[in-house]
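Hi,

Here is the structure I promised to pass on.

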Amino acid sequence: MSFCFLSCRWLLPTWIFKKDQFDNLEKHTQWGIDVLEKYIKFVKERTEIEINYAKQLRNLSKKYQPKKNSKEEDEYKYSSCQAFLATLNEMNDYAGQHEVVSENMTSQITAELARYVQELKQERKMHFHDGRKAQQHIETCWKQLESSKRRFERDCKEADRAQQYFEKMDADINVTKADVEKARQQAQLRHQMAEESKAEYSSTLQRFNHEQHDHYHTHIPNIFQKIQEMEERRIIRIGESMKTFAEVDRQVIPIIGKCLDEITKAAESIDQKHDSQLVVEAFKSGFEPPGDVDFEDFTQPIKRTVSDSSLSNSKDGKPESRFSGKSKGKLWPFIKKNKGGGPEDFSNLPPEQRRKKLQQKVDELNRDIQKEMDQRDALTKMKDVYIKNPQMGDAASVDLKLAELAQNLEKLRLEAQKFEGWLAEVEGRLPARTEPARRQSGMYEPQNTLTVNNCAQDRESPDGSYTEEPSQESEVKVPAAEFDDEFDDEEPLPTIGTCKALYTFEGQNEGTISVSEGETLFIIEEDKGDGWTRIRRNEDEEGYVPTSYVEVYLEKNAKGAMTYI
C-alpha cells in the first residue's frame, strides 16, 4: 500500500484532529535510517576482521620464514621444506587478498553509504518540514473557519433577541414611541450584522474547502510521494550494498584459488627420494668399510698377531704397534665425536665431513679475498683520479690504505693456501667420485679453490678415527669455529642512506659516475677518509663522486651512521 493511498483513504478524514499517522511515518523513516547505519557498522566491523586476519596471517608467515645466515636456512634444501616455504609465501599472498576485501568494502560500501545517509537525513528533514508546514496551514484555515462560524452564530442569536425585544416594545402601550423606535433600529442593526457575518462565514467556508481540497489532494500526496520515493531508494541502496558485499568477496576467489593451487603444487613437488639422497650426501663419512677379521688360533704356541686386514687403514702403510691401546678394536660406525673445540684443519671429522668443512672455509676466504681486491681496485681508481685531478684530493693519502689492503690480501692468501692444502690432502685420500669435478656438486660445496701444501696424514688412526695429536709440521693455533652455516651468494652492497647533489659532476674517469645538481641518489659506501663516496642511481649504475659535491644523509641503523654535510 502506497503512502499516498494511505493518506487519502485512511488519514485524510481525521488528519486535522489526529497527527499520529503522520508521526508514525516519521518514525518509520527514522527506523529505515537506523537500519542503514546498522548495516554500515556491520560492514565496518567485517573490514576490521579482514584486516586483522590478514595481519595475523602475515605475522604467522613471517614467524616461520627461515632466518638468513642461520642453520635453519640450510634445512630448506629439502623438497619438503621448500614446499613449506612456498606455502608460507602463498599465505602472504592469501593475506593480501583479505586486505583487498577490506579496502574494497571500505571504499565501495562503508564510505558510500555513510555519505548517502547524510544526504538521506537532509532530504527526510526537508520533506517532513514541508509536511508540518502544510499541516499547520490547514489547521490555521480551520481555526479561521471555526471563528467565522461562531461569530455568525452569535450575531444571529443577538439579531433574534433584538427582534423579539422590538416586538415586545411595540406591543406594549405603556412604552413611548421613542423607545419603540430605538428598539426597532437596534433590531435592524443586529439583522444587518448577522447578514455580514453570514457573508463572511460563507466566504471563509469556501476558502477553507478549497484549501482543504488542495491539502488532501495535492500538497500532502506530493509530500508523501516524495517520502515514499526516498524510502524506496533507501531500500534499493541497501540491497545494492549487499550485492557489492558479496561481489567484493567473489572477486578475490580466483586469486585465492590460485594461492591454494600453488600450495597443492608445492606439496606435490615433494620428492622423498631426493630428500633421502641429500641426507646421504650430507652425512656420509667417506670411510671404507673394514675388512674381515681373521681367525686367531690360540692353540698354536706362536706369538698371537692381528691380521693385517683387520681394522687398519689399507692406505696407511704404518705398523699397527704405533697405535696400540685405545684405538685397537674400535669399529668406524661407532666413533664418538670429540667434545669441545676441534682442530683448525677439522681432522677430528670423518673424511667427507672434513672435506665439506674445508671447502666452506676455502670459499669463505676466497670471498674475503675478492672483497679486499674490490676495495684495492676502487682505491687504485681513486688514486688515478687524484693524480689526474689534484684539486679533488691527495693521491698520497690513498697509499696507506693500499698498503694495508696488500697486507690483508697476503694474509688471506696464505690462510687460503693452508686450508686448500688440507682440502687437497683430503680429496686425495677419499675414493674417486663419479662427478666430473669433485668439488663442484653445485648444491652442498661452494666453488673456487686455490692450491697449497701442508697436510695432516699422521692424525688418522688405523681404525679410521681421528686423534687429537698435534701435527708434525708447524700449525697456527686458533679457537675452533662453527662452520655449519651456509653462505649466500655475494649480493650487491645494501643502501645505507641517501644524498643530494649540490653541484653537477661529470664522471669521465673509470669508477666515477656523473650526477646533476639537485639529483637524489642512494649511498652504498660512505667516505673512507679519501674524499670519495660510492653511490647508486639504479641497479646498473653506480660509482664514486666527490664527497664535497653531495649532501649526505646516512640512515640511523647503518654502522657508525651519522648525518653530515
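**What turned up**

E26 comes out as partly exposed, at 23% relative accessibility (buried is under 20% relative accessible area, exposed is over 50%, and partly exposed lies in between, with a 1.4 Å probe and protein chains only). Keep in mind that this is a predicted model, where local features need pLDDT of at least 70 and side-chain atom pairs count only at pLDDT 80 or more, while totals for chains, interfaces and linings use all residues. Residues are numbered from 1 along each chain as its sequence is written, and side-chain values use heavy atoms, with hydrogens and water left out.

E26 has a salt-bridge partner in R132, with the closest N and O atoms 2.4 Å apart (a salt bridge here is a side-chain nitrogen of Lys or Arg within 4 Å of a carboxyl oxygen of Asp or Glu). This pair ties together distant parts of the chain: E26 sits in helix α2 (residues 20–63) and R132 in helix α4 (residues 79–171), 106 residues apart. Helices (H or I, at least four residues) and strands (E, at least two) are DSSP runs, numbered from the N terminus. R132 is partly exposed too, with a relative accessible area of 25%.

Salt bridges number 26 in the structure. Another one joins R115 and E112, 2.6 Å from N to O, and these two lie three residues apart in helix α4, about one turn of the helix. R115 is partly exposed at 44%, and E112 is partly exposed at 31%.

R234 and E231 also pair up, with their closest N and O atoms 2.6 Å apart. Both belong to helix α5 (residues 177–268), again three residues from each other. Elsewhere, salt bridges with shared partners link E525, R534, R536 and E542 into one network.

Now for the nonpolar side. The largest nonpolar core has 30 residues, and L36, Y39, M105, I109 and F224 touch the most other members (a core is a set of buried Ala, Val, Leu, Ile, Met, Phe, Trp, Tyr and Cys residues joined through side-chain atoms within 4.5 Å). Helices α2, α4 and α5 are the elements that give it two or more residues, and α4 supplies the largest share, eleven residues. A second, separate core of 24 residues includes A395, I535, Y544 and V550.

M105 has contacts (heavy atoms within 4.5 Å) with V43, R46, T47, T110, F245, V248 and D249, leaving aside residues up to four places away in sequence.

On the surface, L60, Y64 and F84 make a nonpolar patch with about 280 Å² of accessible area together. Patches are built from residues with over 30% relative accessible area and no salt bridge, joining like charges within 9 Å and nonpolar side chains (Val, Leu, Ile, Met, Phe, Trp, Tyr) within 5 Å. Accessible areas come from Shrake-Rupley with a 1.4 Å probe, and for residues only the protein chains shown count as cover. L60 belongs to helix α2 and is partly exposed at 45%.

Finally, the overall picture: eight helices and six strands, in the order α-α-α-α-α-α-α-α-β-β-β-β-β-β along the sequence. Of the 565 residues, 34% are buried. The chain exposes about 35,600 Å², with carbon and sulfur atoms supplying 52% of that.

Cheers
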